[in-house]
Amino acid sequence: AMKALLPQIFACLPVEVKWQVRARTLKLIAMFGKLAPKQLGDSLPEMVPEVTACMWDTKKQVKEAATEAMKSALEVVGNRDIEHMTDKILVAITQPKEVPEIMHKMAGVTFVQTVESPALAMVVPLLLRGLREKQIATKRQSAVIINNMSKLVDNPIDAAPFLPLLLPALEQNAESIADPEAREVTERAVAQLNRLKGLADKQASVRGDISKLEETFKTEFGATEGGLLEVAKYASIIATTMMDLHFMEDLQWSKNVAAPFVGYFDKAKADELTEKVRVEAEKMLVIPEEDDDEDDAEELCNCTFTLAYGTKILLHNTKMKLMRGKNYGLLGPNDCGKTTLMRAIANNQVEGFPDVDQVRTVFVEADIQGEQSHLSCVDYVFVDEKIQAYGIDKEEVRNVLASVGFTPDGKAKPDHAVSTLSGGW
């Protein structure tokens, strides 16, 4: 129940509080990195400003505890593109003179991973300092990074807390920078953030706000007073935290949200009412679509579906919209379900996708020669004619495969049959 804890935690951090209390509170935050990493990551937009202020404290013990708390927070950011920069981000907080050099290094980062609120919470303070530097080159680099990162924000609500900070600084630079090229770069970043802002304004957000769901709980459970009202308030905190973490399975809500109501309703009734709230909560999480510039394009499909492989849920209530005449790519890590989805489309198993009499679907699968399907991954590569022609031994094949993820403790095991691999491998 991170949302319930944060106000109490932040109340212990002002300078008016005894330094012993502040230091212990910061140590508690550091512990969350091990005990509740996902929840800590989700709360970083609120947590980072509070901890940053303590890193400038005059009391040595508070300053050290704040630094350890920030290190713990940096470990749960979960973005591989910037994880090698975390120590430099930490330096930038306490040594502003290093910002230009760190911004220069950050500008060399290639962003490919989806950018979520934990990563933004760590990078935005650095970007703001870069935008406020005197050097035009640093201002320009900050704008480039903002533009690149914002294109990889899938959920506009992740960016919403930071837009009021970044947009004014960018807009001011767009008006005041004398260099035409740097000004143009900044204007592109402004346009990109305004696009995100437009999408975020359309979307109902419960991040840090339990009021929307609290009213739903009160209505469904008839909670108007006494203990039941307090349970409803508590459940709304748990539920909104789960929404932020995208824990939206009915079994998860039955276990974590419905349980406190069992003292007032039987288990079946508590689950039934909780499910009604969960359905409404899912509607709040719907990410708004951008307006399609080509209004005359024919819609091929606009459906919501769930995809499973065996007992594993690959996609849950996933929306897919395709326009006729467009080209689309399907991206994702190995074993996430790309091939399964393509096969399901080809077999007419995706609910809402046009029938075969409306759309012809051709699916070409990666194939393995039948006489080699029994070979292990190492042997399959080793017997290749080109490998043999180069005189490469089996141990080198094994080492190269290990360098790209084929390890005994990984998903792709080098000594398992090649036929066990998904198409991605």
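Colleague: I am new to this structure, and I would like to begin with one side chain: is Phe217 buried or exposed?

Modeller: Please keep in mind that this is a predicted model. A residue counts as buried when its relative accessible area is under 20%, so Phe217, at 0% relative accessibility, counts as buried.

Colleague: Which aromatic pair does Phe217 form with Phe221, and how are the planes placed?

Modeller: Two rings are called stacked when their planes are under 30 degrees apart. Phe217 and Phe221 form a stacked pair, with 6.0 Å from centre to centre and 25° between the planes. Both belong to helix 13, which covers residues 211-221, and because they are four residues apart in that helix, about one helical turn separates them. Phe221 is buried as well, with a relative accessible area of 4%.

Colleague: Why is the pair of Phe217 and Phe261 called stacked?

Modeller: The ring centres of Phe217 and Phe261 are 6.0 Å apart and the planes stand at 15°, so this pair also falls under the stacked heading. Here the pair links distant parts of the chain, since Phe217 sits in helix 13 whereas Phe261 lies in the loop between helix 15 (250-258) and helix 16 (267-284), 44 residues apart. Phe261 is buried, as Phe217 is. Ring pairs join Phe217, Phe221, Phe261 and Phe265 into a cluster, and the structure holds four aromatic pairs.

Colleague: Turning to nonpolar cores, how many residues has the largest one, and which of them have the most contacts inside it?

Modeller: A nonpolar core is read as a set of buried nonpolar residues joined through their side-chain atoms. The largest in this model has 66 residues, and those with the most contacts inside it are Leu26, Ile29, Leu44, Met70 and Met106. Helix 8, residues 117-131, supplies the largest share of this core, namely 10 residues. Apart from that core lies another, of 22 residues, among them Phe221, Ala223, Ile238 and Met243.

Colleague: Where on the surface can I find a nonpolar patch, and which residues form it?

Modeller: Look at Leu28, Met31 and Leu35, which form a nonpolar patch on the surface with about 290 Å² of accessible area together. Met31 is found in helix 2, residues 19-35, and with a relative accessible area of 45% Met31 is partly exposed.

Colleague: What are the surroundings of Val397, leaving aside its neighbours within four places in sequence?

Modeller: Val397 has its place in helix 20, residues 394-403, and at 5% relative accessibility Val397 counts as buried. With those neighbours left aside, Val397 is in contact with Val378, Val381, Phe382, Ile387 and Ile392. From Val397 to Lys267 there are 130 residues in sequence and 57 Å in space, C-alpha to C-alpha.

Colleague: To finish with the whole chain, how many helices and strands are there?

Modeller: The protein chain has 20 helices and two strands, and its C-alpha atoms fill a box of roughly 75 × 60 × 50 Å along the principal axes. Of its 425 residues, 41% are buried. Among contacts between residues at least 6 apart in sequence, 64% join residues at least 24 apart. The accessible surface comes to about 23700 Å², and 52% of that surface belongs to carbon and sulfur atoms.

Terms used
Residues are numbered from 1 along each chain as its sequence is written. This is a predicted model: local features need pLDDT of at least 70, side-chain atom pairs count only at pLDDT 80 or more; totals for chains, interfaces and linings use all residues. Side-chain values use heavy atoms; hydrogens and water are left out. A nonpolar core is a set of buried Ala, Val, Leu, Ile, Met, Phe, Trp, Tyr and Cys residues joined through side-chain atoms within 4.5 Å. Buried means under 20% relative accessible area, exposed over 50%, partly exposed in between (1.4 Å probe, protein chains only). Patches are made of residues with over 30% relative accessible area and no salt bridge: like charges are joined within 9 Å, nonpolar side chains (Val, Leu, Ile, Met, Phe, Trp, Tyr) within 5 Å. Accessible areas come from the Shrake-Rupley method with a 1.4 Å probe; for residues, only the protein chains shown count as cover. A salt bridge is a side-chain nitrogen of Lys or Arg within 4 Å of a carboxyl oxygen of Asp or Glu. Rings of Phe, Tyr and Trp (its six-membered ring) pair if their centres lie within 6.5 Å; planes under 30 degrees apart count as stacked, over 60 as edge-to-face and the rest as tilted. Contact means heavy atoms within 4.5 Å.
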